[in-house]
Amino acid sequence: MVYEIRYFPNPGRADILLLIAETGGVPYKFVGVNRETEWPQLKPSTRYSQLPSLKINDNFTLYQTVAIARFLAKEGGLYPSDPFQALQTEEYINALEEVFNHLLRVLFFTPEDKKEEATKYFTEVTLKNVFGALNSALEKNGGYLTGTLSWADLDFFEIAAFVEGRGKIDVMTVAPQLPKLRENILSHERAKAFLVSERNFKNKK
């Protein structure tokens, strides 16, 4: 079965979904939605008036990024079969969502005259707490969060790139094990092939 990932054809919340699907060898088709010409008509028909979505079959479409990521990870063998490790990845994913959502608030919902203070708090509290804890897990497990490649590793990779790229924050100061994580991910043939390809929207100009 070929799943259908629908999102805007640019970097964003679908990045982690594409990376998981590609790394796990999950068959999918990406359907790009033009934000100006197509989204206004499509939006009312979506469950939460938002994307991404994953069409699983003609009778069911799944929404919410983490739920879709979990489904694709299970389909692609990137969700741990060990119950304890599975719980660990769930915890890490939720912590990374906290980082992502906090940075979004700083970037897009904070007045300009308060952004410096808000960025400082984000960096010294939220980012330090979450990335510091995950860095300890990487150090303990040879550059993986739970010992083998999982959806949580791929999400950490993506969120770290977002913090660096959009937040202009040096994540190495709080997570010096990230280069080892990146090395491990790039050693995976399918992950590397996707990350350097034009299917990765970060590479499109």
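1. Let's start with Phe-201, which is buried because its relative accessible area is 8% (buried means under 20%, exposed over 50%, partly exposed in between, with a 1.4 Å probe and protein chains only). Phe-201 sits in the segment after helix H8 (189-195); helices here are DSSP runs of H or I with at least four residues, numbered from the N terminus. Setting aside neighbours within four places in sequence, Phe-201 is in contact with Pro-9, Asn-10, Pro-11, Leu-18 and Phe-30, contact being heavy atoms within 4.5 Å.

2. A word on what you're looking at. This is a predicted model, in which local features need pLDDT of at least 70 and side-chain atom pairs count only at pLDDT 80 or more, while totals for chains, interfaces and linings use all residues. Residues are numbered from 1 along each chain as its sequence is written, and side-chain values use heavy atoms, with hydrogens and water left out.

3. Where does the largest pocket lie? Domain 1 (3-77 + 191-203) and domain 2 (83-187) both give residues to its lining, so the pocket lies between them; the domain bounds come from an automatic or database domain assignment. The volume of the largest pocket is about 650 Å³. On a 1 Å grid over the protein atoms alone, a pocket is an open set of points with protein on both sides within 12 Å along at least five of seven lines, a cavity is a set where a 1.4 Å probe fits but cannot get out, and lining residues have an atom within 4 Å of a point. Points are joined across faces, edges and corners, and a volume is the space filled by probe spheres set on them.

4. The lining of that pocket has 27 residues, with Tyr-7, Gly-12, Arg-13, Phe-100 and Phe-162 nearest its centre. H1, H3, H4 and H6 are the elements that give two or more residues to it, and H6 has the largest share, six residues. By class, the pocket lining has 13 nonpolar, six polar and eight charged residues (Ala, Val, Leu, Ile, Met, Phe, Trp, Tyr, Cys and Pro are nonpolar, Asp, Glu, Lys and Arg charged, and the others, Gly among them, polar).

5. The largest cavity holds about 50 Å³, and its lining includes Arg-13, Trp-151 and Asp-155. Here H3 gives the most, with three residues.

6. Beyond neighbours within four places in sequence, Val-130 touches Ala-95, Leu-96 and Val-99. The C-alpha atoms of Val-130 and Val-99 are 7.4 Å apart, though 31 residues separate the two along the chain.

7. How many salt bridges are there? The count is 12, a salt bridge being a side-chain nitrogen of Lys or Arg within 4 Å of a carboxyl oxygen of Asp or Glu. Glu-90 pairs with Arg-70, their closest N and O atoms 2.8 Å apart. This pair links distant parts of the chain, with Glu-90 in helix H4 and Arg-70 in helix H3, 20 residues apart. Glu-90 is buried at 16%, whereas Arg-70 is partly exposed at 23%.

8. Lys-120 and Glu-124 form another salt bridge, at 3.1 Å; they are four residues apart in helix H5, so about one helical turn separates them. Finally, Glu-4, Arg-6 and Lys-29 are linked in a salt-bridge network.
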